[in-house]
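Good morning, and thank you for coming. I would ask you to look at the structure on the screen while I go through its two chains in turn.

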Amino acid sequence: MLWHFGLFESSISVSSPSVCCPFCGLLCDDLEVSREGEGVRLERPACPRASRLFSIPDPGQAMIAGLPISLDEACRSAAIILSGSHRPLIGGLGCDVTGHRAALSLAEKLGGVVDHMHGRAQFRNVRAFQDGGWVTTTLSEVRNRADLIVLAGTDASRYPRFFERCLAPASQFGELTRKVVVLGGPALSIPVMEGVSVSSIPIDAGRLGELFAVMRARLAGIPTRAADVAGVPIGQIEALLADMRAARYGVLVWNAVELDFPQADLTIQSAVNLVKDLNQATRWSGLPLGGDDGGTSAAQTCTWQTGYPLRTAYEIAGPRYEPLLFDSDRLLKTGEVDALVWISAFDPERTPPAADCPTVVLGRADMRFARAPDVFIPVAVPGVQHAGFLHRMDAVVALPLTAPAPSSLPSVAQVLAIIQRETNHAAA
Amino acid sequence: MLRLKNGRIYDPAHGVDGVVRDLYIEDGRIVAAPGPDARIDRDIDLAGRVVMGGAIDLHTHIGGGKLNIARALLPEDHRQDPVPTSGGMHAGCGHAAPSTWTTGYRYAEMGYTACFEPAMQPTNARHTHLEMGDIPMVDKGAYAMLGSDDFFLRMLASGADQRLINDYVGWTLDASQAMAIKVVNPGGISAFKFNARSLDLDEAHPYYRVTPRQVVQALARAVHDLGVAHPLHVHASNLGVPGNADTTLATMAAAEGLPIHLTHIQFHSYGTEGERKFSSEAERIADALNRMSNVSADVGQVLFGQTVTVSGDSMKQYGNHRHASPDKWVVMDIECDAGCGVVPFKYRDKNFVNALQWAIGLELFLRVNDPWRIFLTTDHPNGAPFTSYPHLIRLLMDKRFRDSKLDEINAEAAAHSQLRSLDREYSLYEIAIMTRAAPARSLGLTDRGHLGEGAAADIVVYCDDADREAMFAKPEYVFKDGQLIVRDGQVVNVVNGALHVVKPEYDKGIEKPLKDYFDRYMTVRMEHVRVSDDEICTCGASKLIPHVCKGRAA
């Protein structure tokens with residue numbers, strides 16, 4: 001018997017009736033749940049994503065090549081695959097901090113590479129950050145201070161409770177008259193909120209960089225002769241810039257996942273440089289949305305343990321950070337990795353990418369596959385079936401996850417620890 | 001039982017100054033000399049060796065959100081110092097913003113056995129404990145930052161009773177699992193969010209209309225009344241600003257006799273004399289320290305080379321961003337709680353200002369008479385990475401070496417400084433005070449920082465090398481709680497450290513207004529900001545060491 005849950009059981013006692021939702025980077029911690037059979041039912045408040053992901057109907061079944069097998073055998077089989085690998089990719093990383101610690105430990109032992117399932121979007125931010133830095137803020141600051149919120153290339157609808165939680169009318173500094181400006185598509189998805197006016201400026205997300213560049217030029221006192229920039233009339237740009245300069249606390253919001261075009265990191269860089277420039281006279285901050293599927297925790301944990309925010313390989317001389325080379329899709333396509341461990345404990349739809357190498361999946365019990373992986377190990381869902389820690393999108397707030405519906409399934413950390421131990425036997 | 005024979009003991013807590021004596025260790029503790037029949041399991045002959053307690057760093061930025069920002073920002077710095085996996089030790093990186101693992105190994109390899117992170121933001125406490133949980137080898141603790149958080153400023157502005165403030169400070173220590181309270185640019189981090197770019201000690205906050213002086217006084221009083229051993233840890237207003245020595249002296253006086261600790265005081269000892277309007281006020285600051293026994297300080301020595309400055313002082317870090325080298329910087333406003341700023345920096349010995357900063361720090365060390373009240377820090381990594389401590393110790397102990405370095409710096413700065421006229425050389429006994437006995441006393445660590453009976457067996461053995469840098473860089477032996485962890489400057493046994501926290505008494509009734517505040521205005525619940533005792537080991541510490549506080553009647 002390989003399972004010794006007592007050894008791993010994390011005891012986190014939180015004296016709160018509300019639970020934290022781990023299913024997007026907002027980490028709303030005001031959910032109330034009740035037991036319903038083996039699972040939980042959300043009482044209030046919730047969003048469609050939370051409602052979908054909090055229910056886990058399937059008890060789960062470990063499989064090798066699509067055929068049922070015991071968990072022990074599945075772990076042994078995974079260990080044999082990994083022991084024979086020269087450079088595995090430990091990817092996905094959809095789990096909590098305890099899982100990330102175990103994933104890094106396994107990668108270190110195996111000489112593996114780590115990347116998150118949203119690594120491509122994460123790196124758009126990281127690249128801009130590592131090149132010039134930025135000025136950013138956190139959710140409670142937005143809620144209390146922001147009087148002008150510019151949404152660049154996003155309507156924030158991937159975070160359904162963003163407006164309710166971050167632009168609620170109550171500010172501790174008195175009544176705020178807030179303006180929301182959407183740069184991009186129409187602002188139809190944005191809820192009607194008291195004291196908040198919403199407008200939009202149509203612009204292709206791929207051309208936001210041009211807009212920000214010309215705004216920076218105008219801030220620097222450089223005249224423009226163009227009648228429009230990126231399709232936006234110069235008069236409208238001037239008016240927006242005047243509003244931005246007049247803001248007491250402005251927030252520029254973007255979501256790197258939605259800036260999905262070549263060199264989007266340069267668009268982000270132009271956005272954060274605009275924020276820097278605006279700070280010469282008033283206060284502005286950036287707010288990068290993101291952090292889904294444990295992405296913020298994965299990057300934070302890897303950063304404190306290695307110095308680098310993922311896309312890092314454990315090599316003989318030490319951790320090696322090659323964010324362009326160590327892109328999961330690229331590594332799998334070029335065959336530079338010869339095994340894949342895919343971790344996805346939050347969302348059954350986040351299945352592994354196509355890979356020609358042996359694949360071990362640690363996934364939610366209700367995960368379904370077009371092509372069965374070599375090994376599938378169902379794991380408990382952090383924040384529903386096991387306790388843990390998770391970071392919010394702003395990386396400042398790490399919250400305790402509880403287990404409102406404890407499960408007999410092992411956590412990601414438990415499975416990885418067993419696989420790591422088994423690789424000793426497999427190698428011996 | 002382990003016997004360390006014939007070592008020359010430096011144990012200032014007991015007035016022992018280089019006396020040759022045996023030490024006996026059992027079950028992780030130093031014990032009295034047993035009778036002749038006692039069974040000695042292991043004997044180590046330390047004839048000619050110098051023996052001290054484990055060193056304690058009471059101000060080093062080793063973990064927390066802003067450190068991780070610094071790490072993520074500087075891959076080019078890490079690449080100069082990769083650390084491979086070896087034995088039971090994890091891979092990572094070293095130098096300016098080292099990985100957590102490497103931080104623990106390298107501190108231990110210099111003979112440090114406890115480190116205190118001085119700037120934990122309460123809303124970032126859980127993250128900080130997770131990070132510190134992955135720092136092996138040393139015991140840890142953290143100071144909770146208050147003074148720019150809106151709940152506190154609201155209380156102060158509304159004229160709340162000091163007892164209520166004490167309860168809030170007590171709650172914060174408890175909820176964030178902290179060892180002390182730190183205030184950073186009092187009120188200034190908040191003022192920056194209202195677009196103020198400076199806030200002097202008696203200047204009204206642009207929104208709350210309270211002054212930094214009031215913030216310092218209320219917090220110093222609260223820390224004192226709660227009976228927290230370490231006094232209010234003050235990062236004063238106007239960090240790095242020429243002429244800030246006046247603010248620093250006024251801040252000392254503002255404590256009105258209550259204990260306070262002024263941190264990285266080197267960055268607060270500047271005048272405006274000379275052609276460049278930048279001069280040393282080390283003498284005036286040191287004189288005040290010598291006079292005021294309620295004030296202690298750590299230096300925040302600058303040493304030359306690449307580093308990164310990390311601070312909760314978002315206001316001043318924003319102001320410093322034009323000095324960033326390499327040219328990139330991060331400023332963050334944080335959760336109506338505080339803020340931070342991360343600015344990479346390269347101190348150059350030929351640069352007038354940097355060279356004078358170096359000399360000012362050394363002047364402060366040499367001019368403050370009482371080593372019990374001045375602590376050896378570089379404000380890691382702000383003045384220099386902690387790995388430069390052995391070099392700093394040599395500068396303090398060896399005047400010829402110091403003068404030779406003085407010859408290398410910017411000549412104008414050297415001429416402006418009175419450093420050459422200072423002949424003082426620190427003794428081993430004084431080094432043992434400022435790196436062991438004094439920080440332990442200041443923090444209330446009764447069984448650390450000394451070698452008396454009953455003390456935890458955190459013991460360091462050095463070869464008595466005339467080159468003090470070589471001596472302090474590689475101890476021959478380091479014992480942590482009685483276990484040998486370092487031999488000849490190399491980790492031989494990986495252990496995990498405990499977390500020191502204080503547990504003050506306070507009225508839990510404060511949770512009622514606090515919960516109401518969180519529910520109304522914050523995006524997290526008060527209950528979830530609180531880090532429970534149970535979480536500490538899950539975060540990674542070997543155990544929680546609670547220190548009881550004896551409240552002093554208000």
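Chain A contains 13 helices and 21 strands. Its radius of gyration is 23 Å, close to the 22 Å that the globule rule gives for 428 residues, so chain A is as compact as a globular protein of that length. Please bear in mind throughout that this is a predicted model.

Along the principal axes, the C-alpha atoms of chain A occupy a box of roughly 70 × 45 × 35 Å. Of the 428 residues in this chain, 59% are buried. If we take the contacts in chain A with a separation of 6 or more, 68% of them are between residues 24 or more positions apart.

Let me take one helix of chain A as an example. Helix α3 covers residues 71-83, which is 13 residues. From its first C-alpha to its last, α3 of chain A reaches 18 Å, close to the 18 Å expected at 1.5 Å a residue. Which residues in this helix are buried? They are A:Leu71, A:Ala74, A:Cys75, A:Arg76, A:Ser77, A:Ala78, A:Ala79, A:Ile81 and A:Leu82. I would draw your attention to A:Arg76, a charged residue that is among the buried ones.

I now turn to chain B. Here there are 20 helices and 26 strands. A compact globule of 554 residues would have a radius of gyration near 24 Å, and the 22 Å of chain B agrees with that. The C-alpha atoms of chain B fill a box of roughly 70 × 55 × 45 Å along the principal axes. Buried residues account for 63% of the 554 residues in chain B. Among its contacts between residues at least 6 apart in sequence, 76% join residues at least 24 apart.

Strand β1, residues 2-11, pairs with strand β2, residues 16-26, in the antiparallel sense over 8 bridges. Within this pairing, B:Arg3 stands opposite B:Tyr24 of β2. The hairpin of β1 and β2 in chain B has 4 residues between the strands, and B:Gly15 takes a positive phi near 65° there.

Strand β2 of chain B also pairs with strand β3, residues 29-31, again in the antiparallel sense, and this pairing has 3 bridges. How many residues lie between the strands in the hairpin of β2 and β3 of chain B? There are 2, and in this hairpin B:Asp27 takes a positive phi near 50°.

Next, some details of the backbone in the loops of chain B. Where is B:His264 found? It lies in the loop between β13, residues 260-262, and β14, residues 270-271. B:His264 has a positive phi of about 30° although it is not a glycine. Is B:His264 buried or exposed? It is buried, because 26 other C-beta atoms lie within 10 Å, and 20 or more is the cut-off for a buried residue.

The loop between β20, residues 374-375, and α13, residues 389-397, of chain B holds B:Pro381. The peptide bond from B:His380 to B:Pro381 is cis, with omega near -5°. B:Asp379 is found in the loop between β20 and α13 too, and it has a positive phi of about 55° although it is not a glycine. B:Asp379 is buried, with 28 other C-beta atoms within 10 Å.

A further cis peptide bond joins B:Ser325 and B:Pro326, with omega about -5°. B:Pro326 sits in the loop between α11, residues 314-320, and β18 of chain B.

Strand β18 brings us to the meeting of the two chains. What does β18 of chain B, residues 330-334, join in chain A? It is joined to strand β7 of chain A, residues 135-136, by 2 bridges, and the two strands run parallel. In this pairing, A:Thr136 stands opposite B:Met332.

Across the whole interface, 51 residues of chain B are in contact with 60 residues of chain A. On the side of chain B that touches chain A, the residues divide into 21 nonpolar, 16 polar and 14 charged. Thank you for your attention.

Note on methods: Residues numbered from 1 in each chain as written. Chains lettered and ligands numbered in written order. Predicted model: local features only at pLDDT ≥ 70, side-chain atom pairs only at ≥ 80, totals over all residues. Rg over C-alpha atoms; globule rule 2.2 N^0.38 Å. Buried ≥ 20, exposed ≤ 12 C-beta atoms within 10 Å, placed from the backbone. Contact = placed C-beta atoms within 7 Å. Pairing = 2+ DSSP bridges. Expected span 1.5 Å × (residues − 1).
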